[in-house]
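I list what I looked up, in the order in which I went through it.

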Amino acid sequence: MASDDDEPPLRQQLAEAARTDAVADMTDVAIRPYSDEDFAEVTSIWLGSWQTTGVPLQVTLDDLRARWSAELADGWIVHVAVSEGQILGFIAYRGNIVEQLFIAPDSQGYGIGKRLLDFAKAQMPSGFRLHTATQSRAGRFYEREGLLRGETRPHPRHGHSITDYAWSPRETRD
């Protein structure tokens, strides 16, 4: 007979079941413009998701919150993916550059990133560029979604390796 120690606590089991139900049906995910009320949740997602990349960069929530305000003032356009009132991820872009696309760690792998990337394609139908940490899983995702891999280079601010990607309707045609 298995001991109680072999099973996650009931609260954890219920939370996992609720999270799975909340994100399993992607028709329930809406993309809407960011509002100031989203600040704490979005910046927490940004930090939590960044920490899953494996890049050994020391960044704090306070650092990201200060940067967030500055980037919004400098022209970032931000949209959030929401299901049942919970923010699951966000995309930030300026001009034809996707500056950030992050999904909450416990919501990764459910198609939310694809929904946000498809949203970017609709918002920027002539194409866009982005870069991602080379060692993250994001590069494989972008290539699978039709973005073309470009140059790999050091990040201009932090020095870790990043890879450029580009999407254009012309580049993804057969």
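I count a salt bridge when a side-chain nitrogen of Lys or Arg lies within 4 Å of a carboxyl oxygen of Asp or Glu. The model is predicted.

**Entry 1. Salt bridges**

I began with the charged pairs, and the rule above gives nine salt bridges.

I looked up E71 and R67 first. Their side chains form a salt bridge, with N to O at 3.2 Å. Both residues sit in helix 3, four residues apart, so about one helical turn separates them. I noted the general point that an α-helix has 3.6 residues a turn, so residues three or four places apart point the same way. Is E71 buried or exposed? I find E71 buried, at 12% relative accessible area. R67 is partly exposed, at 24%.

I then took R94 and D74, whose closest N and O atoms are 3.3 Å apart in another salt bridge. This pair links distant parts of the chain, with R94 in strand 3 and D74 in the loop between helix 3 and strand 2, 20 residues apart. R94 has a relative accessible area of 23%, and I put it down as partly exposed. D74 reaches 53% and counts as exposed, because the cut-off for exposed is over 50%.

E145 is buried at 14%, whereas K114 is partly exposed at 36%.

**Entry 2. The chain as a whole**

I next went through the secondary structure and recorded five helices and seven strands. From the N terminus, the order of elements is α-β-α-α-β-β-β-α-β-α-β-β.

The chain has 174 residues, and 39% of them count as buried. Of the contacts between residues at least 6 apart in sequence, 59% join residues at least 24 apart. The chain exposes about 9900 Å², of which carbon and sulfur atoms supply 51%.

**Entry 3. Nonpolar cores**

I looked up the largest nonpolar core and found 21 residues in it. V98, L101, F128, Y142 and L147 have the most contacts inside this core. At least two residues each come from strand 3, strand 4, helix 4, strand 5, helix 5 and strand 7. Which element gives the most to this core? I have helix 4 down for that, with five residues.

Beyond its neighbours within four places in sequence, L147 is in contact with L117, K121, F128, L130, Y142, Y165, A166 and W167.

Another core, of 19 residues, lies apart from the largest one, and its members include Y34, L47, V55 and A92.

**Entry 4. Helix 2**

I checked the length of helix 2, which runs over residues 39-51. At 1.5 Å a residue its 13 residues should span 18 Å, and the end C-alpha atoms are 18 Å apart, so the two agree.

Which residues of helix 2 are buried? I wrote down V42, T43, I45, W46, L47, G48, S49 and W50. These buried residues pack against helix 3, strand 2, strand 3, strand 4 and strand 5.

**Entry 5. Two loop residues**

I found H155 in the loop between strand 6 and strand 7. H155 is buried, with a relative accessible area of 16%. Its side chain reaches the backbone nitrogen of R157 at 3.0 Å. Neighbours within four places in sequence aside, H155 is in contact with H131, H160 and I162.

Phi of E84 is near 50°, a positive value in a residue other than glycine. E84 is exposed, at 67% relative accessible area.

Notes. Residues are numbered from 1 along each chain as its sequence is written. This is a predicted model: local features need pLDDT of at least 70, side-chain atom pairs count only at pLDDT 80 or more; totals for chains, interfaces and linings use all residues. Side-chain values use heavy atoms; hydrogens and water are left out. A nonpolar core is a set of buried Ala, Val, Leu, Ile, Met, Phe, Trp, Tyr and Cys residues joined through side-chain atoms within 4.5 Å. Buried means under 20% relative accessible area, exposed over 50%, partly exposed in between (1.4 Å probe, protein chains only). Contact means heavy atoms within 4.5 Å. The expected span of a helix is 1.5 Å times one less than its number of residues. Accessible areas come from the Shrake-Rupley method with a 1.4 Å probe; for residues, only the protein chains shown count as cover. A polar contact is a pair of N or O atoms within 3.5 Å; within protein, one must be able to donate a hydrogen and the other to accept it, and residues adjacent in sequence count only if both atoms are side-chain atoms.
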